[in-house]
Amino acid sequence: MNNKERKEIGTQLSFALYGAANRMNRLHKKFLDPLGVTFPQYLVMLELFTETPRPVGELGLKLGMDTGTITPLLKRLEASGRVIRKRDPSDERRVLITLTEAGESLREELWGVTDKIKSACQFTEDELIELRDTLNSFAYPAED
């Protein structure tokens, strides 16, 4: 790569990742808005569908969200009636998150968004798996 190519924004990894993340957010928005769920809330809900109750700290760690990000997000989910936050009776320092009936009722629709996104991306299943694995290797390296 010559010096001129290095200075063009379109050749930068950062630019490509930023553009891809924005497109992913826009793709999700049209499916999530009718459900009253934001993209970060969607990620939280998918994770809660795997297991509840979950400690806030564990949920944040799993999703790569710090406390300052996940706490307000969970408060909004609670205000919308989708989750309940309560202190862990065995350790008052921990807050546990549980799905409500209203939150649980979104399970099929939210998991369905995943298939809609796969279609919208227009990649083969193998290409999607390869892209996901490449991005996960970059986002969560074995060592930093």
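Trainee: What relative accessible area does lysine 118 have, and which class does that give?

Mentor: Lysine 118 has a relative accessible area of 33%, so it is partly exposed. Its partner glutamate 125 is partly exposed because its relative accessibility is 43%, and the two residues form a salt bridge whose closest N and O atoms are 3.6 Å apart. Elsewhere, salt bridges that share partners join Glu47, Arg54 and Glu58 into one network.

Trainee: Before we go on, what kind of model is this?

Mentor: This is a predicted model, in which local features need pLDDT of at least 70 and side-chain atom pairs count only at pLDDT 80 or more, while totals for chains, interfaces and linings use all residues. Residues are numbered from 1 along each chain as its sequence is written, and side-chain values use heavy atoms, with hydrogens and water left out.

Trainee: How many salt bridges does the structure hold?

Mentor: A salt bridge is counted when a side-chain nitrogen of Lys or Arg lies within 4 Å of a carboxyl oxygen of Asp or Glu. The structure holds 9 of them, including one between glutamate 47 and arginine 54, with 2.9 Å between the closest N and O atoms.

Trainee: Are glutamate 47 and arginine 54 buried or exposed?

Mentor: Glutamate 47 is buried because its relative accessible area is 12%, and arginine 54, at 4%, is buried too. Another salt bridge joins aspartate 33 to lysine 29, where the closest N and O atoms are 2.9 Å apart. Here aspartate 33 is partly exposed, at 45% relative accessibility, and lysine 29 is partly exposed at 48%.

Trainee: Where does aspartate 88 lie?

Mentor: Strands are DSSP runs of E with at least two residues, numbered from the N terminus. Aspartate 88 lies in strand E2, which covers residues 83-88, and it counts as buried because its relative accessibility is 6%.

Trainee: Which side chains make polar contacts with the side chain of aspartate 88?

Mentor: A polar contact is a pair of N or O atoms within 3.5 Å; within protein, one must be able to donate a hydrogen and the other to accept it, and residues adjacent in sequence count only if both atoms are side-chain atoms. The side chain of aspartate 88 makes such a contact with the side chain of serine 90 at 2.8 Å, and with that of arginine 94 at 2.7 Å. Leaving out residues up to four places away in sequence, aspartate 88 touches Arg94 and Leu96, where contact means heavy atoms within 4.5 Å.

Methods
Helices (H or I, at least four residues) and strands (E, at least two) are DSSP runs, numbered from the N terminus. Buried means under 20% relative accessible area, exposed over 50%, partly exposed in between (1.4 Å probe, protein chains only).
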